[in-house]
Amino acid sequence: MTGERDQDPTTPFYAHPTGGWGSLKSVLAQATKGRIQLGVLETLRRQNKPGGHMCTSCAWAKPPSPHLAEFCENGAKATLWDLTRDRCKPDFFARHSVTELRNWPDHDLEAAGRLTHPLRYDAASDHYVETTWPEAFAAIGASLKAMDPKTTVFYASGRASLEASYLYALFARLYGHNNLPDSSNMCHETTSVALKRTIGAPVGTCVLDDFETCDLMLFFGQNTGSNSPRFLHPIQQAVKRGCRIVTFNPIRERGLVEFMNPQSPSEMLTGRGTPISDIYLQLRPGGDIAAIAGICKHLFDLDAVDRDFIALHCHDFDAFETWTRALSWEDIEAASGLPRADLVEVADLYARSERCIGVYGMGLTQHVHGGDSVGMLVNLLLMGGNIGRPGTGICPVRGHSNVQGQRTVGISEKPELVPLDTLAQMFDFDPPRDTGMTTVEVVQGVIDGTVKGFVSLGGNFARAIPDLARAEPFWAGLDLNVQVATKLNRSHLLVGKGAWLLPCLVRAERDMQKTGPQAVSMEDSLSHIHGSVGRRPPASRHLLSEPAIIAGIAKATLPPNRHVRWNDWIADYGRIRDLIEETYPDQFDHFNDRLFKAGGFYRGNAARRRDWQTESGRAEFTLPPSLSALGAEPGEGVYTLVTLRSNDQFNTTIYDYHDRLRGLEGDRMIVLISRADMVGAGLSEGQRVTLVSAVEDGIPRRVEGFTVVPYDLPSGCVGAYYPEANPLVPLDHHDLASKTPAYKGAPVRIKA
Ligand SMILES: Nc1nc2c(c(=O)[nH]1)N[C@H]1C(S)=C(S)[C@@H](COP(=O)(O)OP(=O)(O)OC[C@H]3O[C@@H](n4cnc5c(=O)[nH]c(N)nc54)[C@H](O)[C@@H]3O)O[C@H]1N2
Ligand SMILES: Nc1nc2c(c(=O)[nH]1)N[C@H]1C(S)=C(S)[C@@H](COP(=O)(O)OP(=O)(O)OC[C@H]3O[C@@H](n4cnc5c(=O)[nH]c(N)nc54)[C@H](O)[C@@H]3O)O[C@H]1N2
Ligand SMILES: [Mo]
């Protein structure tokens, strides 16, 4: 195969299949280290099955007929991390001042254990001190009442349930703002904007059945093995029945090279995994637009175009054809970093394929022209009529377990995406109609001093954002910082004038309310809604559920309104689901009745039915403004920094210091660079270097103390871990249409 280069054996890599024994060992290591509670294995057995709890790790679909153990290495790690026996109690905060804790690494903060009591920041002593729920609610309510709602932000990380999310968004609007960014604003917001524009639906079009009949899957910048490992099962099945897989990724990620199913005794005993990708192309970061353009160009040469579909369903195709035919192979090769022959080979596969799925992740979305990259993938799929037919479609793989669902039920800074008239009628109020702030705008507001209050439903915002070091000192200027969390993290330590740390239940824990134990629900990447029941005893008797905390703050903040019945809703979450159904009748019809449908119930997707809810009423071909997604070509001595997740982290939660699937162990302060570039720059293996931003806007950005590690990467780029490298990503370096930060393409220099 022309495209396949073998793994460079002189740089670190993992020589085994993903999954397999290594995966079991890694889970067991954490189970021993994390001092898990008794009975947790029973909890894991129920994970992702009707009657059990839905994993808090990734958003991959939960099949209707689950495996004996329907969880993966990282799902198990997330549950074990939640169900540790370690507790971070008030005496911990008595021993450690907030200033001292700011010197602790991310891993150690969370490893202190589960938060147990509501806490108030005491500025005089610089310590968090124990408080009571009534005191916390009253004080937060009093602060919010005294503030201008437009200066406050309600952030959500994508874990909270549909029930909690609906209440949170409603609270924000009753209070008077649409400042409802969520982690999606750093993640797949590119998708929400680009897919809405091109196919009229802001989410992917695939369902699990499609993976049973597709004959080609194209992967762009999605690291399945680490970030959505349960997806490897349908991929493996597809490979076994002859489906072809092509991967575009600057790094040879093991999960897309070889997989061994830990639940298959024969694979485990023979030690033989399944090879996954037929063709693996290590393109330049930001090279996807060019790579796809090359494939399309060859398809035009072959006249392998579904012209009937296009005539019936698409808009602006002629302009796309003219543009593509006029491209030069020279430009395509330069921008993609891939030889023409490789792209021609993929185009030949595509031309022969009858049912193709395009899968993608952060490698497409987190670029200056991320939306155009997604648009290019849509162009390619439309050329073959590969959207809205069984076995085909576009499949963005979402991150947090309910990040897609949070948007579905109203957590959005864009009022046009929310049925405000319905809400106005249901709750007899006048919802704010002005556009709220995205993540990037919130950070700018914190720096400018225009954001005065920050409420966080989970997450570690201050650590996940671009330009984090630049923003850090400004958090102290906030009047109010309220953090609802399970474990301690750095965002909790950037206290303003008033700071509150409110501990909540995790999803696997029993949520007991007035009418009995409660279930919650979430939406997976394939738009299926699942009920989830926690059964574990709570980590502390002082914990409240997320819906109860939201209701507590809301009651203390808002004037009475006889249509807004926080107590009734919290007593029985079924009533919150009734509200969701009333607000979104088409998608949540008979919500309570369908809550525990095996495999979840499908919320539907117009584009899947070829009902294109775009401006033209047709699926849109779009032209990218440039062949590279980077925005600007790196100059002399400048490298494109790609920020990476290790196999032992979930976003800013660092379980451990390994990255087994990349053959990297024990250190996160490393910078990966190709051996040729390392030598060319006069660097040597193990040398300590500083990375400095190459963006010249007068703002200094640098991170010291990286160790050079030669790695199998294309020339011209370097890799380093998120969040350690985040100070190097400028705040205004983001996808142009959606403002998703360009975390995969920040220009840097290396200083010896
Ligand atoms: N274990 C674990 N699971 C997770 C998470 C986690 O941190 N840990 N995070 C969750 C969340 S919130 C999310 S959003 C998802 C993220 O999951 P992914 O979408 O997989 O995101 P990343 O790991 O950031 O990057 C994906 C891949 O993009 C490649 N890449 C970088 N630049 C480019 C490029 O320009 N083009 C192409 N084609 N590829 C590129 C990288 O090499 C990497 O393999 O995972 C979720 N699941
Ligand atoms: N450089 C770089 N930066 C990135 C990215 C990247 O690829 N590169 N990826 C971006 C992406 S895709 C995302 S999604 C964001 C993630 O940004 P966030 O979602 O804000 O961050 P997390 O690290 O997922 O949040 C972890 C914290 O959530 C809290 N938590 C965990 N479970 C629960 C729960 O059930 N309830 C509550 N209330 N709290 C809980 C814990 O206290 C934990 O410390 O980061 C973004 N930042
Ligand atoms: Mo994400």
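This is a predicted model: local features need pLDDT of at least 70, side-chain atom pairs count only at pLDDT 80 or more; totals for chains, interfaces and linings use all residues.

Analyst: Domain bounds here come from an automatic or database domain assignment. For this protein, that assignment gives domain 1 (87-182 + 414-589), domain 2 (189-397 + 612-620) and domain 3 (639-751). Residues are numbered from 1 along each chain as its sequence is written, chains are lettered from A and ligands numbered from 1 in the order in which they are written, and side-chain values use heavy atoms, with hydrogens and water left out.

Now to ligand 2 itself. Domain 1 and domain 3 both give residues to the shell around ligand 2, so the ligand lies between them. There are 32 residues around ligand 2, and Y155, E546, T652, Y722 and N726 come nearest; a residue is near a molecule if one of its heavy atoms lies within 4 Å of it.

What kinds of residues make up this shell? They divide into 12 nonpolar, 14 polar and 6 charged. In this scheme Ala, Val, Leu, Ile, Met, Phe, Trp, Tyr, Cys and Pro count as nonpolar, Asp, Glu, Lys and Arg as charged, and the others, Gly among them, as polar.

Helix 24 (461-464) and strand 16 (480-485) each supply at least two residues of the shell. Helices (H or I, at least four residues) and strands (E, at least two) are DSSP runs, numbered from the N terminus.

Next come the polar contacts, which are pairs of N or O atoms within 3.5 Å. The side chain of R159 places a polar atom 2.7 Å from a nitrogen atom of ligand 2. For S157, a polar side-chain atom lies 2.8 Å from an oxygen atom of the ligand, and for Q366 the distance from a polar side-chain atom to a ligand oxygen is 3.2 Å. Taken alone, ligand 2 exposes 920 Å², and the protein buries 97% of that; accessible areas come from the Shrake-Rupley method with a 1.4 Å probe.

To put the site in its setting, look at how domain 1 meets domain 2. Their centres, taken over C-alpha atoms, are 36 Å apart. In all, 5 residues of domain 1 are in contact (heavy atoms within 4.5 Å) with 10 residues of domain 2.

Terms used
A polar contact is a pair of N or O atoms within 3.5 Å; within protein, one must be able to donate a hydrogen and the other to accept it, and residues adjacent in sequence count only if both atoms are side-chain atoms.
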